[in-house]
Amino acid sequence: MSSVQRYELQAVTTASAARLGAKPVRLVAVYLYGGSGATSCEFKSAATDTGTVLFSMDTLTASGQFVDLSEFGGILFDVGCFVKPAGTGGIAYCWFE
């Protein structure tokens, strides 16, 4: 049994949009916690808050939404993945490699 995690995990809040890791990444899963019913998140192919949105998601209520992309091979962000949650109290928990 290995103690090495398969994917890296990074939490990104509405107040602190950020790049995942420090290089190109493959996004494999996301749990978006919704502090309000209007919580959403954009995943841009960029190192900063520019670039093309390759994936987005939202919550319909003040709860969470989980998306597992690993069965499809994830989404490759070849420039980098900039995560930008929006809405009151939103947190995006991102698993990537």
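Analyst: A salt bridge here is a side-chain nitrogen of Lys or Arg within 4 Å of a carboxyl oxygen of Asp or Glu. The model is a predicted one, and by this rule the count comes to three salt bridges.

User: Which residues are linked in a network of salt bridges?

Analyst: The side chains of Glu-42 and Lys-44 meet with N and O 3.7 Å apart, and Lys-44 also pairs with Asp-49 at 2.5 Å. Asp-49 in turn forms a salt bridge with Lys-84, with 2.9 Å between the closest N and O atoms. The network therefore consists of Glu-42, Lys-44, Asp-49 and Lys-84.

User: How many residues apart in sequence are the parts that Lys-84 and Asp-49 tie together?

Analyst: Lys-84 belongs to strand β8, whereas Asp-49 sits in the loop between β4 and β5. Because the two residues lie in these separate places, their pair ties together parts whose separation in sequence is 35 residues.

User: Is Lys-44 buried or exposed?

Analyst: Buried means under 20% relative accessible area. The value for Lys-44 is 10%, whereas Glu-42, its partner in a salt bridge, has 32% and counts as partly exposed. Lys-44 is therefore buried.

Key: Residues numbered from 1 in each chain as written. Predicted model: local features only at pLDDT ≥ 70, side-chain atom pairs only at ≥ 80, totals over all residues. Heavy atoms only, no water. Buried < 20%, exposed > 50% of the residue type's maximum accessible area, 1.4 Å probe, protein only. Helix = DSSP H or I, 4+ residues; strand = E, 2+ residues; numbered from the N terminus.
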